[in-house]
Amino acid sequence: MNIDGFEPPDKDNVEEIANAYPSTCEIEKKVAIPFTSIGPEAVFKQEDAFVKSFDQIMVKRSMVGEQITLEYEIPEIKDPTRITIKDIVVSDSGMQAKICPENKKIQISGIPTTPGDVSIKLVYNLLTKLQGNIAKEHVFKILQVTPDPKTLWRNLPTDNHAPYQAVDEEHVIIQAGEHTIIAASKRGRSHAHDGKFRDDNFKVEYIDETGWFIIAVSDGAGSAKFSRAGSRIACQTFLDIMHEKLSSREVNVKIEQMAPAARENALKNAVLAAAYQGLSKIDAEAKSAVDKIPGVTRKDYSATFLGHIMKRIGDKWVVISMGIGDGIMGLLNQSCNLTLLSEPDGGEFVGQTRFITMNEVWQNNPIGRVRASTFDDFKVIMSMSDGVSDPKFETDNNLKNESLWIELYNDIAGQVPLGERSEETAHKLSDWLDFWSKGNHDDRTIVLVY
Amino acid sequence: MRRLPVYLLVDTSGSMKGEPIAAANNGLQAMIATLKQDPFALESVYISIITFDRDVNEVLPLTELETLQAPVLSTPESGPTLMGKALEVLIQKINHDIVKNCPEQKGDWRPLLFVITDGKPSDKATYKEIVEKIKTYKFAAIIACAAGQDAQTEPLKMLTEHVYALATMDGASFTQFFKWVSQSIAQGTAKGTSSSSIMLPPPPSEMSVVF
């Protein structure tokens, strides 16, 4: 028997529907159970088809902070007057829903704010013959939102009782005659995530009276307990010893009088000696620390080293540079031609490098690590730890790629007002170090002379 | 981007049918969910799953953690346990998957290998042969787990010094095992695995070290 053009009732279906909506099942049962012979069940059948079409929607994947737009067709039902959509509520506050009547679609768009499941609550009226409009709702899942990996990084403080305290960040800017030295160093996300210290360090100086620049950058080995002390000692010792030599007027008079080749050799020896003194200081430190920290050795202070000194002598810039381990130093002249001031010490395996604390470094032609170069001019000299060079150059071959150096310099100059010689500028360089690069979250240090 | 490849070799032979395979599936799901919460792992871990029973199947090719969905493992009714063949397939996959370090390219970290079985290799000769070959490959660590009473630890000890026994094959044990696996992987990424072997976290009480 057909009444009002409805299909014959289906008793089983009533039960099924009632069970499908635990939240509204009280209403459902009240409505459904008394009518075993006519109409309302048929309404439910239409409702069932309507609701099921939403339940079959494919759950999409998205990430917190990622703009997304989804569209769903509003299913056709036999008698459209039976169901009226009153409201659509999205469980994530960053997303909104709207109905587009022209193409019979529901559009959900926005930016998910919280990880987890996003669902939609469809609020609608169901028109029944005996009870008129019944307010109903149906909830279905549309999105699975994963957290933004950037937000998973913790920023834990370091242990303030541990030996060899180190600040998480430092930056400096120095007027160096007509030039500027700017430097910044920052604890990497991977260290911050575990509350580990910043192992990178730098020391820079310009000697006004004699016109010498002294730059040192060091990266403490992640696997060495006190490498933060090793990197600091390596930089400080280099600076102290070079300062002592290069600030002397007498020494400078001699240097200037020397023939270029002899001068280069003498300066190379001085740089090598100053870097080597870093190791002696580390050994002395390890020796004196052993009372308080049993079993500590020089290996616990493992660190890389990048250092250079430079001065304008006559009409040339003389640069003496030395590198141990990874990280890189390079010079761009006014025509943007690149000269590398160090050679990276890449290992056979990923993550393998050399440290100032290794005997092989000092036994195997150490002077070969020292370079003397002369230039008519320079635009910028950049020294950086691998925390910067890995993401910016990626491979050892790319370190020789001039355009990547120019790109790096332009990137910095675009974000840091290098022309303004203020503390704020150095702070901006430190902010620049926060750049995002997937998989690269090591400590970062960069020094620019320009 | 340096990847940390992680290979899971899972025994899906007939004896795993029922609760053990269901428990393994749950454990696998939980492990992947846990790893997805770790920012190091999210950026570097790639996982591959190879199952072995009377066939060997790469049910999950090496896939980055961020996008991967855990496959559902199933078992046949019966048949041999082709663990040797599984290791052969593993070697082929490793030869194909792993990026070596060179001046033009940053290579992958050394891979991690986890093998879990509730029995013993049926293809003994192949197994013996392939184990020798595996030793020439540089893994960050090979970890073998003998699950249940019938698992034999001797063949696993030929493969690696890291052999653990899981006394029971219920949900709780597998959950603990996979939790430990995810900790081991997370530790692998955090350390950078530059050293020849990684430090494994202490195993849960459900697992015992096999000497």
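**Where chain A touches chain B**

A: Between chain A and chain B there are four residue pairs in polar contact, both residues being at pLDDT 80 or more. A polar contact is a pair of N or O atoms within 3.5 Å; within protein, one must be able to donate a hydrogen and the other to accept it, and residues adjacent in sequence count only if both atoms are side-chain atoms. On the side of chain A that touches chain B, β1 (60-63) and α4 (189-193) each supply at least two residues. Helices (H or I, at least four residues) and strands (E, at least two) are DSSP runs, numbered from the N terminus. Sorted by class, this side of chain A has eight nonpolar, eight polar and seven charged residues. Ala, Val, Leu, Ile, Met, Phe, Trp, Tyr, Cys and Pro count as nonpolar, Asp, Glu, Lys and Arg as charged, and the others, Gly among them, as polar.

The model is predicted: local features need pLDDT of at least 70, side-chain atom pairs count only at pLDDT 80 or more, and totals for chains, interfaces and linings use all residues. Residues are numbered from 1 along each chain as its sequence is written, chains are lettered from A and ligands numbered from 1 in the order in which they are written, and side-chain values use heavy atoms, with hydrogens and water left out.

Three salt bridges (a side-chain nitrogen of Lys or Arg within 4 Å of a carboxyl oxygen of Asp or Glu) are counted between chain A and chain B. B:Glu64 forms a salt bridge with A:Lys438, with the closest N and O atoms 3.6 Å apart. In contact (heavy atoms within 4.5 Å) are 23 residues of chain A and 24 residues of chain B.
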